[in-house]
Amino acid sequence: MSAGKCKYMEVKNKLSVKNTHKTIIKESLKRLIWFLLSFILSFSTVVGGSCPFAISLICVSNKKNFLFSAVGAGIGYMIFCDGNDAIRYFTAVIISALGTLAVNIFNSKKEIYIPMLVSFLSVFATGFVINFRTGAVIGAYALVFGESVLALGTTFFFFRAVNCNYKRLKFKALPITDTTCLMVSLAVLMSSLSFIQIKGVSIARIIAVLIILTAVRFGSPKWSLIISLCLGFALGISGENSMFLLGAYAFSALVAGLFTSMSSFGVSISFILSMIFFSIAADLGSFSVCSVIESGIAGIILVLFPNIVREKISDFFESGADIAPDGSLRQSLVVRLRFASSALAQVSESVRDVREKINEIGDVEPMESELRMVASDQFFSISDMLSDLAFEFNDTEIFDFKSAGKIRRMLGEYDIYPENISVIIDKFDRMRVEILASSKTKGMDSPRIKNEIAKICKRDFEKSRTNYSGGNLLLTIIERPNFKMSFGFAQYCAEGSLCGDTIKTINDSKGHMVFIISDGMGKGSRAALDGAMGAGLLSKLLSAGFGFDSSLKVVNSALLVKSSDESLATLDCACVDLFTGKCEFYKAGAPRSYIVKNNSLSKCELSSMPAGILREIEFAKRTTVLNVGDEIIMMSDGITDIGEELLDEFICNDDSDGPNERAKDILDFALKHSDERHRDDMSVIVAKLMKG
């Protein structure tokens, strides 16, 4: 083995040992924390002397930690409880530990009701047996039942706090239920420390008031209210005279929130004055005085916070403030440009693949001059594309930030954390929801998700569509349009199994239905290659949000540089707005199309050049408006070659049932009236506007 390789293996082994030590230390710290938490909770009592909180913690601990939490609770109960209570709670620890072990073995831990049932039975069974043996009165049994219910409820809060996904905090997507459970769990833990007092002044209550004041000063009204209610409740039930803290903390937090504009000093003074009012009204003697002193100490600490601490706290409450809000114009523009860039990359890949296939057929000399000119044209094409996107964003009038925030919180409940959510309403009051997430995200296309989004936005949406690009996916949901298209198509291959015509249909993310026929030059595989390339690239670019004109320039350039041999393709497109019925025809060398309105036939015949011949090319365009029941008929020149009058007469008299049958009938008619020896590839699309 070489010296270099030995050195590498030595470094690798050292890193492995170091990582192993870190893992051991990390796991040891976790178990120590569970031990300490259960130990502290074992002497957390409420009015009446009940202290079931450590039992609840045991029931929510996992297979790696439940033994340590049980040991901590057992030691705590034996130290801080007397006589029968010590025996009773120690027995409850054993029962809850065995129940938790069984739950972990059978892997049912994620079912919240099982740990709740274990904690209830552990407390109730031991209390019932002790009362029965000592001949207790009915009131003692009622107290045991109440304590069991308290254990059950605390288990619920602990379970949600332990098992909630803390990534949601980073994404501001932690559901309000999980936030409340987390705050209640922390408040119960703090109530365990309320016995630490100096002349009646509780260290735990000072910390509680400081947390409330910090939430009022740097957080939101929602945070401050949740924290004050949770801390007030937990500290209120810890003593006979403490219950007034529930209302006092919550109301004082609301009052202090009115003075956030006066900085920390205003918040502290207003909170202290409110606490003075409650303390006088409660008239609890020294306890009232101590509550005011505790508020004063917490207020002074808040005012004396150094700038660096204030900045850290602000960063915590305002996590993500440096990121543009969901649905902001900047974010949405970045998302669309990213997918536009990806579409261009796919175009480049397609051209390269096609060139490689052509090169395999024979040697091809490069045409440097032509390539340089085409490369120059590409810059103009990209400029046009960006202009298309700018035009689209100019049409966007409203970004619904409120709905975007609601959608983010809803997705958080399904453990889905998108990078960006845009709820866009255009100038025609059409809504579109775009959600950008990692391609590894699961469940984004679930019908349940779409239904939840529809409830939030109060709109009726179509089925969602998903586009993938690199490591991202873009889920798009559009408002259900007023119309829909019923369509059918038929094709005939003149040579072999490959048709020189390619048909594409696109339902884009803005309520448009696009139909494309691309006819490659000639027949057979070469024509099929040109037709597929023309239709494929055009459909990709249109799907990415580019306009028809700029997309045509890119397709034209791609066909020009595909090979040294002549390569061209006609492009026939129809774009129908499913909200208004407006239909736009775009033709590049394509034959006529037909519009059928109330059995009346009109033609769309436009002069234009196919793609792949000249560097500068444009679509010929025409616009019409369709009503319910109107049809458009598009076809390649293999069908129109049979003669205009003959084809017009057949279309006027044809009474086929449905677009698919009509397309087949037109194809059969063209085959019947064409010369078999000189037939070209044939394609026909029939699309009918229907009520949505």
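Buried here means under 20% relative accessible area, exposed means over 50%, and partly exposed lies in between, with a 1.4 Å probe and protein chains only. This is a predicted model, in which local features need pLDDT of at least 70 and side-chain atom pairs count only at pLDDT 80 or more, while totals for chains, interfaces and linings use all residues. Residues are numbered from 1 along each chain as its sequence is written, and side-chain values use heavy atoms, with hydrogens and water left out.

**Salt bridges**

Side chains of opposite charge can pair when their charged atoms come close. A salt bridge is counted when a side-chain nitrogen of Lys or Arg lies within 4 Å of a carboxyl oxygen of Asp or Glu. The whole structure holds 15 of them.

| Pair | N to O distance |
|---|---|
| R430 and D577 | 3.2 Å |
| K587 and D572 | 2.7 Å |
| E147 and R88 | 2.7 Å |

The pair of E147 and R88 joins helix α6 (residues 138–163), which holds E147, to helix α4 (residues 83–105), which holds R88, across 59 residues of sequence. E147 and R88 are both buried.

In the salt bridge between R430 and D577, R430 sits in the loop between β4 (420–426) and β5 (431–438), and D577 belongs to strand β11 (residues 569–577), 147 residues apart. Both of these residues, R430 and D577, are buried. Strand β11 also provides D572, whose partner K587 lies in strand β12 (residues 582–588), 15 residues apart. K587 and D572 are buried as well. Elsewhere, salt bridges link K603, E644 and D648 in a network.

**Helix α13 and the nonpolar patch**

A nonpolar patch on the surface is formed by F265, I269, L273, I276, I280, I300, V303 and L304, which together have about 780 Å² of accessible area. The elements giving two or more residues to this patch are α12 (263–282) and α13 (286–303). Helix α12 supplies the largest share, five residues. Patches take residues with over 30% relative accessible area and no salt bridge, joining like charges within 9 Å and nonpolar side chains (Val, Leu, Ile, Met, Phe, Trp, Tyr) within 5 Å. The areas come from the Shrake-Rupley method with a 1.4 Å probe, and for residues only the protein chains shown count as cover.

I300 lies in helix α13 and counts as exposed because its relative accessibility is 52%. Helix α13 has 18 residues and reaches 26 Å from its first C-alpha to its last, close to the 26 Å expected at 1.5 Å a residue; the expected span is 1.5 Å times one less than the number of residues. Its buried residues are F287, S288, C290, S291, E294, S295, G296, A298, G299 and L302. Their cover includes β2 (201–202), α9 (203–218), α11 (244–257), α12 and α14 (307–317).

R205 is found in helix α9 and is buried because its relative accessibility is 4%. Contact means heavy atoms within 4.5 Å. Not counting residues up to four places away in sequence, R205 touches Q197, G200, L235, L245, Y249, F287 and E294.

L559 is part of helix α20 (residues 548–561). With a relative accessible area of 2%, L559 is buried. Leaving aside neighbours within four places in sequence, L559 is in contact with D530, M533, S567, A569, A611 and G612. L559 and A611 are 52 residues apart in sequence, and their C-alpha atoms are 7.1 Å apart.

Notes: Helices (H or I, at least four residues) and strands (E, at least two) are DSSP runs, numbered from the N terminus.
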